[in-house]
Amino acid sequence: MNDSVDKLVIFLAKRDGIDKLVKTFQYVSKLVNWHVEATNPDISKRFKQWEVAAGLSRKAFRTGRFLTGFNVLRRNPGSTLSLRLLAVFANAGEMVYFFFDHFLWLARIGTIDGNLARRMSFISAFGESVGYVFFIISDFIMLRKGVKAERALRSSKEKAVEEEKKIKEIRVDRIMRLMAVAANVADLFIAIADIEPNPFCNHTVTLGISGLVSAWAGWYRNWPS
């Protein structure tokens, strides 16, 4: 399959694919809103509305997403005890994030008491940040294992086709994990802005760039090969 349109259709058919597209809309509009706020209030208002609509749409798309983490723990938590423990903490944090994000969405659209939004946002962001920390640690462990495995294969005297294939697989896995780390670090900045507001994390440029890094790393990881 080499046709870009075919790949785009498959990408957008995935929940993660459409989420990354709408996330791009959300954070591009956030940056445009910030850039033109002082000079063109009318355009700024329109992009602010687009940002809010995109954010709410993404929450709707994530309905039931907390079950993904549960299924990972149920099916394949990891190959070693340390990776299993990291998977438990990472996926538990992600499950808390996605579960309470449902209530944040309902509070933001007025279905339940809007005063609950701040509390739901804090709980969701706290679970999210815990999940990201443990996902990042897991990825670094696997990256280290990949480097060791590649060195072992390269030090081998026999350069079989099978070994070259394994090296290529290790490199592809490394790129995917680096993309995952980039996305998780970027999203961690956004989560910290909710948990512990501060001038750096809450600055529009920090949030905008972090959101786009996360979205585009997700594009790369989910794009059909």
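**Exercise 1. The nonpolar patch**

Identify the residues that make the nonpolar surface patch in this predicted model, and state which helix gives the most to the patch.

*Solution.* Step 1: Val 172, Ile 175, Met 176 and Tyr 220 together form a nonpolar surface patch of about 330 Å². Step 2: the greatest contribution comes from helix H7, spanning residues 161–195, which supplies three residues. Step 3: Met 176 is located in helix H7. Its relative accessible area is 30%, so Met 176 is classed as partly exposed, the class that lies between under 20% for buried and over 50% for exposed.

**Exercise 2. The packing of H1 and H2**

Determine how helix H1 is oriented relative to helix H2, and list the residues that make the contact.

*Solution.* Step 1: two packed helices are described by the angle between their axes and by the distance between the axes. Step 2: for H1 (residues 4–13) and H2 (residues 15–36), the angle is about 95 degrees and the axes are 4 Å apart. Step 3: H1 is therefore roughly perpendicular to H2, because angles of 65 to 115 degrees fall in that class. Step 4: H1 contributes Phe 11, Leu 12 and Ala 13 to the contact, while H2 contributes Arg 15, Gly 17, Ile 18, Lys 20 and Leu 21.

**Exercise 3. The setting of Ser 29**

*Solution.* Step 1: Ser 29 belongs to helix H2.

How values were computed: Residues are numbered from 1 along each chain as its sequence is written. This is a predicted model: local features need pLDDT of at least 70, side-chain atom pairs count only at pLDDT 80 or more; totals for chains, interfaces and linings use all residues. Side-chain values use heavy atoms; hydrogens and water are left out. Patches are made of residues with over 30% relative accessible area and no salt bridge: like charges are joined within 9 Å, nonpolar side chains (Val, Leu, Ile, Met, Phe, Trp, Tyr) within 5 Å. Accessible areas come from the Shrake-Rupley method with a 1.4 Å probe; for residues, only the protein chains shown count as cover. A salt bridge is a side-chain nitrogen of Lys or Arg within 4 Å of a carboxyl oxygen of Asp or Glu. Helices (H or I, at least four residues) and strands (E, at least two) are DSSP runs, numbered from the N terminus. Buried means under 20% relative accessible area, exposed over 50%, partly exposed in between (1.4 Å probe, protein chains only). Axes are lines fitted to C-alpha atoms, for helices over the stretch in contact, and angles run from 0 to 180 degrees between N-to-C directions. Angles under 35 degrees count as roughly parallel, over 145 as roughly antiparallel, 65 to 115 as roughly perpendicular and the rest as oblique. Contact means heavy atoms within 4.5 Å.
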